[in-house]
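Colleague: Could you walk me through this protein slowly, as I am new to reading structures?
Modeller: Gladly, let us look together.

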Amino acid sequence: MAKPKLALIPAAQGDKFYSVLPSDGVGDFDFTRNSSATRIAPTGFIETSELFGSELVTNGDFATDSDWTKGTGWSIANGVAALDGTQTTGSGLGSTTISVVSGKRYKIVVNVLSSSSGFRLYDSYGVIAYGLSLGVNVFYITASSSTYQITPLGLSGTTGSIDNVSVKEQIGKSRLNYDLLNGKVVNCPHYLLEPARTNLITYSEDFSQWTVDRVTVSENQIISPNGTLNADSIAENSENNIHRIYIGSITLTDNVDYTITVFAKKGNSKVIQLTPTSTSAIGSGRANFDLDNGVLGAVSGGTAEIKDYGNGWYRCSYSFEALATATSAISVNLVNDDLNAARNVTYLGNTNNNVYLWGAQFEQGSYPTSYIPTTGTAITRAAESANGSGDAATFNDSEGVLMLEASALANGGTNRRITISDGTTNNRILIGYTSSDNEIIAFLSSGGSSQFVSISSIPKSTDFNKIVIKYKVNDFALWVNGFELATDTSGNAPIGLNTLQFKDGNSTLDFYGNTREVQYFDSALTDAQLETLTSWTSLQEMITSQLYTNY
């Protein structure tokens, strides 16, 4: 695949600039993520971001009785491959030979419809799995040759059936995520880059698999935030006690941050509570959420937020630091519509009272990340990276402007960078967030020596900010949201600039955040142009851009 470049576009002032805009499904960078991930789509629904190439298995849906080598007991009919148990030893169902590329990663999927016991999965390299579960089984392999074959296998006497066998190459594509304001899609899309996270809740959407305390689960009652009829109703019974639903036996580590999230919608009840079940890990900590007005109630032992996803749905999140190492489940409580309810409050229930739940997540980290669906096991979304844009002909060593419009995923915690460099830290221009709350850094080095550095406070790093660094010999400046925050009239320009990356020049300090735009001008703009570049055209544009809901 050819290395993408920044596109040359004329600016309104007659100058020229290069702009990274999320205008299509790929963008101007090589994006890498070795797992699926979700995003907010243009429809406002949550969907899985496409990461895979075309289907490589011929007749993987078993539409015809062809293209598979059938061992004893196997048959293909009506879109299903079935094993009848007549085999006296292991019997395989071999695919045709598949062309793959050595070193590339592939996703393997087998859907098991039924099985008495003993289903396995082999490929050209050996055993993928000694046991296949009912439902969709997903595996990832890295090819070590140019050809490949997939072989489901049943042991002696095993009966069962499968369908939808799939092999697809993983390819790097950006997640173009959309903003929601009061539940409606606004603004242009932005690149969403996140660190690796694992959803430790094994059944994120099927609450019938959770343990119930004096509540009843009714499955698939209303449309969920992914646009399908798969959200569950959780209703109280009439006992005088705690009313809750919980899942997991998860080891929480002392002094480690965790975050619980769930999508919730009011029914005949309007308040829910999130908390771990372990008192030793959380004490009296909890967070209460008003699903009628979209506001927080009482919060203790951590921090919380509630976000409007439209159609009455809110994503409720509670982040806390474990007080001790302990085993805990994750609980969603009904609290008799009391916004100030204490943790695990008891009350006389009413069978008419219910809420709707979908998409639960429990992850290690101090803030919530995008939703990770699970269907029986914990699932990890791999870390994302973006790099490879531009070349030596794109960038001007003598003068220029780097502009970033982005928001951080969280205040502080880590250093995150976007950099134009020579592939090292010797010559680089960078904009980034520091590990301190609401703080940005602008930095330039030439020949290994610092030439310009400014560390500045901003109102809120999780809001979208327009940040610019201008460079020219003895003329440097930092502009943020229409204001010049720092200047320097002494210093040299960098040498040998040839790449723009969502990380530092030495490929560390990955930028995780939401990026609406990166622009590069190959000349130093005037103050008036820089003010225009970093400003909003109207109050309403700023309100919408910043997703302000109260003004």
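Below we talk about salt bridges and a pocket.

Modeller: A word on the source: this is a predicted model, where local features need pLDDT of at least 70, side-chain atom pairs count only at pLDDT 80 or more, and totals for chains, interfaces and linings use all residues. Residues are numbered from 1 along each chain as its sequence is written, and side-chain values use heavy atoms, with hydrogens and water left out.

Colleague: How many salt bridges does the count come to?
Modeller: A salt bridge here is a side-chain nitrogen of Lys or Arg within 4 Å of a carboxyl oxygen of Asp or Glu. For instance, Asp-65 and Lys-70 form one, with their closest N and O atoms 2.8 Å apart. By this rule the count comes to 15.

Colleague: Are Arg-381 and Glu-194 buried or exposed?
Modeller: Their side chains meet in a salt bridge, 3.5 Å from N to O. Arg-381 lies in strand S35 and Glu-194 in the loop between strands S19 and S20, so the pair ties together parts that are 187 residues apart in sequence. Strands are DSSP runs of E of at least two residues, numbered from the N terminus. Buried means under 20% relative accessible area, exposed over 50%, and partly exposed in between (1.4 Å probe, protein chains only); both Arg-381 and Glu-194 are buried.

Colleague: What relative accessibility does Asp-292 have?
Modeller: Asp-292 meets Lys-266 in a salt bridge, 2.7 Å from N to O. Lys-266 is in strand S26 and Asp-292 in the loop between S28 and S29, 26 residues apart. Lys-266 counts as partly exposed at 36%, and Asp-292 counts as partly exposed too, at 32%.

Colleague: Which strand gives the largest share of the lining of the second largest pocket?
Modeller: A pocket is an open set of points on a 1 Å grid over the protein atoms alone, where a 1.4 Å probe fits, with protein on both sides within 12 Å along at least five of seven lines; lining residues have an atom within 4 Å of a point. The second largest pocket is lined by 41 residues, with Val-138 and Pro-373 among those nearest its centre. Elements giving two or more residues to this lining include S5, S22 and S35. The largest share, 6 residues, comes from S14.

Conventions: Helix = DSSP H or I, 4+ residues; strand = E, 2+ residues; numbered from the N terminus.
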